Amino acid sequence: MSFNVHAIKAIYKFELHRFGRTLMTSLFVPAITTSLYFIVFGSAIGSRMTEVDGIPYGAFIVPGLIMLSMFTESISNASFGIYMPKFTGTIYELHSAPVSPLESVIAFVGAAATKSMFIGLLILATAHLFVDMPIAHPIAMIGFMLLIAISFCLFGFILGIWAQSFEQLSVIPMLIVTPMTFLGGAFYSVHMLPEPWKTITLFNPVVYLISGFRWTFFGKGDVAMGISLTFVAGMLAVCLTVVWWMFKTGYRLKK
Amino acid sequence: MASILSVRGVSKRYASGHQALGEIDLDVEEGEIFALLGPNGAGKTTLISIICGIVNASGGTVTVDGHDIIRGYRHTRSTIGLVPQELATDMFERVIDTVSLSRGLFGKPRNDAYIEKILRDLSLWDKRAAKVQELSGGMKRRVMIAKALSHEPKLLFLDEPTAGVDVELRRDMWALVRQLRDNGATIILTTHYIEEAEDMADRIGVISKGELVLVEEKHALMKKLGRKVLHVRLSEAMSAVPAGLADWKLALRDEGHELEYEFDTHAEDTGVSALLARLGELGIGYKDLNTEESSLEDIFVSLVHAPKSTAKGEAA
């Protein structure tokens, strides 16, 4: 048994089952939230707004909305997935099982990323009900979504291992990720900002993620696609390194 | 017989500085039931956790079924089944799902027939579709056992399996343990209940303050450390032990109605027959005689409370 495929399958299935149990909150809530954003920003305010970079405002905000939901859902699902066993004590079983760190990560992060993809695609489908949504590079769009899902699920996984209370679990998404997303051009183009805010905003990594995703829809973003991809790759690399280190040292996992 | 578990010089010091285990050496033979006895905080759970891979040892090596638990963790962990002391289960899952998850985690392909057999053996089959949180404490404990057995382990750890469990479930559980052993599994259990170890175990290890004070075959242990007490129920009460009986270590009990004589069961001459003969000579009548053997509990208490050196000396 050089690779425990059965364990990966078992965890993956178990995690998806857990999501299935909370289908109402996990799928319908993002769909409803997105619809609300469209009503408020797209219809009420958007109708009074000019086009942004030649794109109708209603369509312009879709990539940002998808990213916003995917960031928060990825982090919360993946962090809960590993935090709950720690909290209830069932993690003993994972520790005592012949499962390597890599296999754990593939299973937990894979399951959470699967759910994030569902949510992203669901929001996209919901958006289609409200606005005309061109997709310039469909394959790149799916690929980018996947990279974001995996990166943020990895980040959530790290958060779940690090957290020692429910408060810590929610503090990072609420206090850091959501504000960074709002300030990262989810609802506006960075070019619309006056200096010095424009320059300051460029230090926010989320800008590059949203811009890259927007590029896959409209063929243009706030920054070059290459820079966006570099940021995603960088985040993925950092998260992988941290996870590897956590398992190697048993950080907050083993006594 | 080959030893399925071999522990060599295993120690554990927690980050807090607490030395949970000294240097433990232990071998467990394939197919036996081994009981680890010890008071709370003695290090029983720490030792088990190290063997199962939940806690990293500070020093020493552990070999399970011929493989090192670190280099060969895939093999050793799939060989072991663990029923932990605390009831930690996926509360919102169905019984059958959580048991199936365990089987997969331990690298075994799906086998519905086997899962059904375990659930039936543990009287859980009717509850298979119930959520774990809906079950009683005893039922949850059964779920934990079903999870541990789901991947057909050769070595089963039961950490305080009957703590907080009612008499009936306890009996069922022990029947199951015997059945598992008959099927060739090796079982290591920890317990507070000495009668349990006395009933079940082939060998007993006593652990106290992180040290394995002794490891002994159960009957040998009882014999070696066993003392018997002879109670002589007198026809008439006496106020003091007569001078004529000074050769025996006697005590007067129950307001002079009973003579108590403590003797060593494996001494050449226990002194019992001579004592009875002398009673006859002195004309002391008695109504009844009975002897009482010290239990494992008495032995245990005397070991754990005795200074370490004496305890080791007695065991040797």
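Guide: What follows is an account of the contact between the two chains, then of the elements around it. The model is a predicted one, and the description should be read accordingly.

The contact draws on 28 residues of chain A and 31 residues of chain B. Between them, chain A and chain B bury an area of about 2,600 Å², and carbon and sulfur atoms contribute 58% of that area. Polar interactions are present as well: across the interface there are 10 residue pairs in polar contact, counted where both residues have pLDDT 80 or more. Salt bridges between chain A and chain B number three.

On the side of chain A that touches chain B, helix 1 (5–21) and helix 4 (91–96) of chain A each provide at least two residues. Helix 1 of chain A makes the greatest contribution to that side, with nine residues. By residue class, the side of chain A that touches chain B comprises 11 nonpolar, 10 polar and seven charged residues.

Leaving aside residues up to four places away in sequence, A:Thr90 touches A:Pro85 in its own chain and B:Ala88, B:Thr89 and B:Asp90 in the partner chain. Within chain A, the side chain of A:Thr90 also forms a polar contact of 3.2 Å with the side chain of A:Thr88.

On the side of chain B, helix 3 (residues 95–105) is the element to consider next. Helix 3 of chain B is mostly covered, nine of its 11 residues being buried. The buried residues of this helix are B:Val95, B:Asp97, B:Thr98, B:Val99, B:Leu101, B:Ser102, B:Arg103, B:Gly104 and B:Leu105. They pack against helix 1 and helix 4 of chain A, and also against helix 4 (112–121) and helix 5 (137–149) of chain B.

Chain B contains 11 helices and 14 strands, and its C-alpha trace spans about 80 × 45 × 40 Å along the principal axes. Of its 316 residues, 51% count as buried. Among the contacts in chain B with a separation of 6 or more, 69% are between residues 24 or more positions apart.

A search of the whole structure returns zero disulfides over all chains. For A:Cys239, the closest cysteine sulfur belongs to A:Cys153 and lies 10 Å away, which is too far for a bond. A:Cys239 has a relative accessibility of 4% and so counts as buried. B:Cys52, with a relative accessibility of 1%, likewise counts as buried.

How values were computed
Residues numbered from 1 in each chain as written. Chains lettered and ligands numbered in written order. Predicted model: local features only at pLDDT ≥ 70, side-chain atom pairs only at ≥ 80, totals over all residues. Heavy atoms only, no water. Contact = heavy atoms within 4.5 Å. Buried area = accessible area lost by both parts, 1.4 Å probe. Salt bridge = Lys/Arg side-chain N within 4 Å of Asp/Glu carboxyl O. Polar contact = N/O pair within 3.5 Å; in protein donor to acceptor, adjacent residues only side chain to side chain. Helix = DSSP H or I, 4+ residues; strand = E, 2+ residues; numbered from the N terminus. Nonpolar A, V, L, I, M, F, W, Y, C, P; charged D, E, K, R; others polar. Disulfide = S-S within 2.5 Å. Buried < 20%, exposed > 50% of the residue type's maximum accessible area, 1.4 Å probe, protein only.
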